[in-house]
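Here's a quick look at a protein model, with the pocket and a couple of charged side chains in mind.

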Amino acid sequence: MDPSIVRKYFEPVGEELKVRRIPKISIRFKKHDLTSEPPISKHFDVVFCRNVMIYFNENQKVKMLNDFYNSLSDNGYLIIGKSETLPVEIRELFAPVSVKEKVFKKNIIV
């Protein structure tokens, strides 16, 4: 990950990183339908979508992942479930960071 993201959101604990405590004021909870509603933001540093795509058909997955792409900041990351894969239609949008851990970085398409 980009070192500035690591410094901002994680703290070292021995050889590992731990997510920093985040004040409640910076967290919003909102009901959102991934299959039909537009993206809710364009400023996410990371989107965690672990073990969600298994419940959607291919068209819904493509729509959802395109929305995630549009929601991520330019240096944003997408993390999916270990048993999930990116549909062929959107693979050029994300570069693998860790294939084993299913971590992808947003590609900037010019």
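## Ground rules

This is a predicted model, so to speak plainly about cut-offs: local features need pLDDT of at least 70, side-chain atom pairs count only at pLDDT 80 or more, and totals for chains, interfaces and linings use all residues. Residues are numbered from 1 along each chain as its sequence is written, and side-chain values use heavy atoms, with hydrogens and water left out.

## The largest pocket

The largest pocket comes in at about 1,200 Å³. A pocket here is an open set of points on a 1 Å grid where a 1.4 Å probe fits, with protein on both sides within 12 Å along at least five of seven lines; lining residues have an atom within 4 Å of a point. Of its 32 lining residues, Phe44, Asp45, Val46, Val47 and Phe48 sit closest to the centre.

Strand 3 is the top contributor to that lining, with six residues. Helix 1, helix 2 and strand 4 also give two or more each. By class, the lining has 22 nonpolar, five polar and five charged residues.

Lys106 belongs to strand 6 (residues 103-106). The Lys106 side chain does reach the backbone oxygen of Tyr69, at 3.1 Å.

Arg20, in the loop between strand 2 and strand 3, counts as partly exposed because its relative accessibility is 33%.

How values were computed. Grid points are joined across faces, edges and corners, and a volume is the space filled by probe spheres set on the points. Helices (H or I, at least four residues) and strands (E, at least two) are DSSP runs, numbered from the N terminus. Ala, Val, Leu, Ile, Met, Phe, Trp, Tyr, Cys and Pro count as nonpolar, Asp, Glu, Lys and Arg as charged, and the others, Gly among them, as polar. A polar contact is a pair of N or O atoms within 3.5 Å; within protein, one must be able to donate a hydrogen and the other to accept it, and residues adjacent in sequence count only if both atoms are side-chain atoms. Buried means under 20% relative accessible area, exposed over 50%, partly exposed in between (1.4 Å probe, protein chains only).
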